[in-house]
Each structure stands twice: as C-alpha cells, then as structure tokens.
Amino acid sequence: MRRSMARACIALLLGAMSLIAPVTANVAVGQNASGLPLPRFVSFRAAEVNMRTGPGIQYPVDWVYSRRSLPVEIIAEFETWRKVRDWEGTQGWVHQSLLSGKRTVIVTGETRNLRASPDAASRIVARVEPSVIGELNDCSAGWCRISIEGYQGWLRHVDMWGVYKEEAFE
C-alpha cells in the first residue's frame, strides 16, 4: 500500500513539474517569442499596467503602474508575456498588449538642461525635472534629441534612462 501511494505521489509530482518546465526552460535560455532582440526598450501603452510575478494571469500582481509611456526594458519573453525592468531595477511580467514600441526616456538624477543642440555650451531650451518622461527622437555621439511637453531639445545619454549608452537611434 505504501509503495503504490509513493509511486502515485511521484507520478503526481512529475506531472506537475512537466507543466512548469516549459515556462522555466523558455525563460532560462532567453528564447524570445517575438523574434526581436533582447534586451530592448519599449514603453507602457496603457495608463494602468499590472506587473505580475510570472508570465500569466494566474500569477499575483506585484506592482501597478499608472504612467502611460513609461520606458521599460524587455529582458525575457514567454509566449505573449514580457519580463520587463523599470528604471529603478524592479522586474516582473507584463502582457505584450500593454506595451508599445514607441521609445521614451525618463530623466534621472537632478534637474537637467534640455539644450538647443548636442553641445553642453548650447542654449538651454528648458529645465527638466527628474522622473519626467520624454519621447525619444534620435541619438548619436552621447546625446539624444527628445520631445517633452511641446519642447524639443538635446539631453546627454547619462542624464536619462531608456536608451543604451552607445545606441544610435533615428
């Protein structure tokens, strides 16, 4: 009796593990369902986004974001779910329908000067507070041209999050 009960428990455990294994295997080896490169930056499409502890609605919501256009970095994919990281390092899973390919950045550190041209001596167009989100227009040579609430100007890569250090973007 004990031996058959033990076999049943082992069979049940192996069956449960086979349900979990595909998720772990796909995420662990970094396969991407979209065929797009990993990692990559995107932004939130919705005004409210639930970040979950795993790739599915059965996983609990860990964070609720309420900032449309917030930049996030996709670091893994599983089917229609994307594991993202925000500018503070928080990671979790978001459904792909809540993400946009529109590139945005978030200003980091202290108040920054948005410049008329990609030169630290050029005219200041606006002063930009930390945590302000801007739309990314293009980047080269350590500077990015961004749009923030009707203002357009240049900001250094090191003054924002949402673009890779040596990334050229048009």
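## Burial and the disulfide

A residue counts as buried when its relative accessible area is under 20%. In this predicted model, Cys 139 and Cys 144 are both buried. These two cysteines are joined by a disulfide, with 2.0 Å between their sulfur atoms. The link between Cys 139 and Cys 144 is right-handed, with 110° about the S-S bond. The structure's disulfide count is 1.

## Salt bridges

The structure has 7 salt bridges. One of them joins the side chains of Arg 40 and Glu 77, at 2.7 Å from N to O. This pair connects distant parts of the chain: Arg 40 belongs to strand β1 (residues 40–44) and Glu 77 to strand β4 (residues 71–78), with the two residues 37 apart. Both Arg 40 and Glu 77 are buried.

Another salt bridge pairs Arg 145 with Asp 138, where the closest N and O atoms are 2.9 Å apart. Asp 138 has a relative accessible area of 17% and is therefore buried. Arg 145 is partly exposed, because its relative accessibility is 25%.

Arg 156 and Asp 159 also meet through their side chains in a salt bridge, at 3.0 Å from N to O. Asp 159 is buried, with a relative accessible area of 6%, whereas Arg 156, at 37%, is partly exposed.

## Aromatic pairs

How many aromatic pairs does the structure hold? The count is 3. One of these is formed by Phe 41 and Tyr 164, whose rings lie 4.4 Å apart, centre to centre. The angle between the two planes is 40°, so the pair counts as tilted, since stacked planes are under 30 degrees apart and edge-to-face planes over 60.

The pair of Phe 41 and Tyr 164 also links distant parts of the chain. Phe 41 is in strand β1, while Tyr 164 is in the segment after β14 (160–161), and the two are 123 residues apart. Is Phe 41 buried or exposed? Phe 41 has 8% relative accessibility, so this residue counts as buried. Tyr 164 has a relative accessible area of 28% and is therefore partly exposed. Phe 41 and Tyr 164 also belong, with Trp 161, to one aromatic cluster.

## Strand β1

Technical notes
Residues are numbered from 1 along each chain as its sequence is written. This is a predicted model: local features need pLDDT of at least 70, side-chain atom pairs count only at pLDDT 80 or more; totals for chains, interfaces and linings use all residues. Side-chain values use heavy atoms; hydrogens and water are left out. A disulfide is a pair of cysteine sulfur atoms within 2.5 Å. Buried means under 20% relative accessible area, exposed over 50%, partly exposed in between (1.4 Å probe, protein chains only). A salt bridge is a side-chain nitrogen of Lys or Arg within 4 Å of a carboxyl oxygen of Asp or Glu. Helices (H or I, at least four residues) and strands (E, at least two) are DSSP runs, numbered from the N terminus. Rings of Phe, Tyr and Trp (its six-membered ring) pair if their centres lie within 6.5 Å; planes under 30 degrees apart count as stacked, over 60 as edge-to-face and the rest as tilted.
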